[in-house]
Amino acid sequence: MSNHKIKFETIGLKPEASYLALPSVMYMCLKLKETFRSSLVLFNTALSDRLGLDFSQLSDQEISGIFSGNIEIPGTAALAQAYAGHQFGRFTFLGDGRALLLTEHITPDQKRVDIVLKGSGPTPYSRGGDGMATLGPMLREYLISEAMAGLNIPTTRSLAVVKTNRKVRRETDLEGAILTRIASSHIRVGTFQFAIAEGGKSVLKALADYTLARHFPDIDVNQPYLELLNEVIRRQAKLIAQWQLVGFIHGVMNTDNMSICGETIDYGPCAFMDVYDPKTVFSSIDYGGRYAYVNQPGIAAWNLARFAETLLPILADDPFYAQSLAQNAVETFLPLFRKEWVSGMRKKLGLFNAEDADESLIDELLSVMQKAKSDFTKTFVRLTTDISGLEADPNFSDWTVKYKLRRTHQIQTIEQSVELMKTVNPAMIPRNHLVEEALKQAVENQDMSYFEHLLDMLRQPFAYSEEQLHMDKPNDQMSQPYRTFCGT
Ligand code: AMP
Ligand code: MG
């Protein structure tokens, strides 16, 4: 597409490429080339506004040209990032095999973000893969990442989805698509694993310094790398607690899918739990249940231990001392996670103050829920909106007596307690069967109306509208367990 008429200056994008300052082993520059005629499926105007971008002077075709990599915005320098990762416990060299960092951009509140295309074609890191993505999974990432943002959980965001109008060969021929992802950065635990394995200590140090400057500029300069480790541990403890508190199962917590800045990244086989069962797994390839709901905190600790290992050469000159610093830091993760989780659970129960017996009250609720096969989200909605149903339920009646007594141990009123609960117990989550229905209509019938409606509902999960409460039902008709598939 000819781009001489496009008013690029009206977009307000200030192209930046700070990643290019890293040693060149960490990335490969790529030239964009026009290859196909794309069309715009979704564009996130609210997010674009927040980023300080304005595409209103451009036609849909021009926008889709930009977000498919067919039209190059002057001044941008596209690159693919190198990284490694433990995938299901096995170490592998990876890299952006189907993603492209189009440019960095500074938002109006002076935050640096990456603008990345996912599914934009092969890169030097594609390892035989086609570099493509298909429409269903890209729409799924858009929907679920926006739902996570609505839930106030740190996440990468989705700016656009374009159709490439090319078939992508999977088990059958599928519609090709590209998602535009916005992230505070794409630096992962796996990026550090790559740096030390491929580049050695000097590259590792350059990456650590870059990460500190980009994400943790206020860190104590006396022990910067130890503080980097501690800060990543703190952010992950918060993040994983937030996942657990809404029943989110990431599904593929490989070290290349753990972001250093603490955002949820890589929406492949993720899904939300319906019935409360700690062993819930959705991913079709997670045979051993490694990434089951209950295992997420332990896996995060394992991933952080891998991160700590990468930092050993720069933590201290004495390897034994470095080892002990790393170990002590990693051991803080599970207690920190538990603290975040308990404090989140208190809010879900409308409790403002802390009492020693709260943890057993919480544990007891969860074991009743598990025994009664209760829906995770709905149980908290019932507690929030009308506890009488639970009081009348023989499974919950004993527990509700204790709970109501506990709620009298605070000065806040029941109304205040309910208000608090309504800020943390979503009235609606991306229910698997609703998501499937929306994707089916979008992909098979090219009808985006249900998808857009669902997206609207999920963007404000704490609105507690009648429609949300009605729509958010588990699907009792599902004949077999729900299964998700990795980035197809
Ligand atoms: P993911 O499961 O999306 O985290 O991807 C794991 C690795 O496989 C990353 O290095 C991806 O870039 C790469 N990858 C996934 N799908 C493809 C594909 N279709 N073509 C090339 N590389 C891919
Ligand atoms: Mg990934």
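This is a predicted model: local features need pLDDT of at least 70, side-chain atom pairs count only at pLDDT 80 or more; totals for chains, interfaces and linings use all residues.
1. Basis. Local features need pLDDT of at least 70 and side-chain atom pairs count only at pLDDT 80 or more, while totals for chains, interfaces and linings use all residues. Residues are numbered from 1 along each chain as its sequence is written, ligands are numbered from 1 in the order in which they are written, and side-chain values use heavy atoms, with hydrogens and water left out.

2. Metal site. Asn-257 (OD1) and Asp-266 (OD) coordinate the magnesium ion (ligand 2) at 1.8 to 2.2 Å. Donors are N, O and S atoms within 2.8 Å of the metal (3.2 Å for Na, K and Ca); water is not among the atoms, so sites may look incomplete. Asn-257 and Asp-266 are both buried (under 20% relative accessible area; exposed is over 50%, partly exposed in between; 1.4 Å probe, protein chains only).

3. Largest cavity. Its space is about 60 Å³. Of its 13 lining residues, the closest to the centre are Gln-236, Trp-243, Asn-257, Met-258 and Ser-259. A cavity is a set of points on a 1 Å grid over the protein atoms alone where a 1.4 Å probe fits but cannot get out, and lining residues have an atom within 4 Å of a point. A volume is the space filled by probe spheres set on the points, which are joined across faces, edges and corners.

4. Ile-285. This residue counts as partly exposed because its relative accessibility is 34%.

5. Val-435. This residue is buried, with a relative accessible area of 1%. Val-435 and Arg-140 are 295 residues apart in sequence and 7.5 Å apart in space, C-alpha to C-alpha.

Terms used
On a 1 Å grid over the protein atoms alone, a cavity is a set of points where a 1.4 Å probe fits but cannot get out, and a pocket is an open set with protein on both sides within 12 Å along at least five of seven lines; lining residues have an atom within 4 Å of a point.
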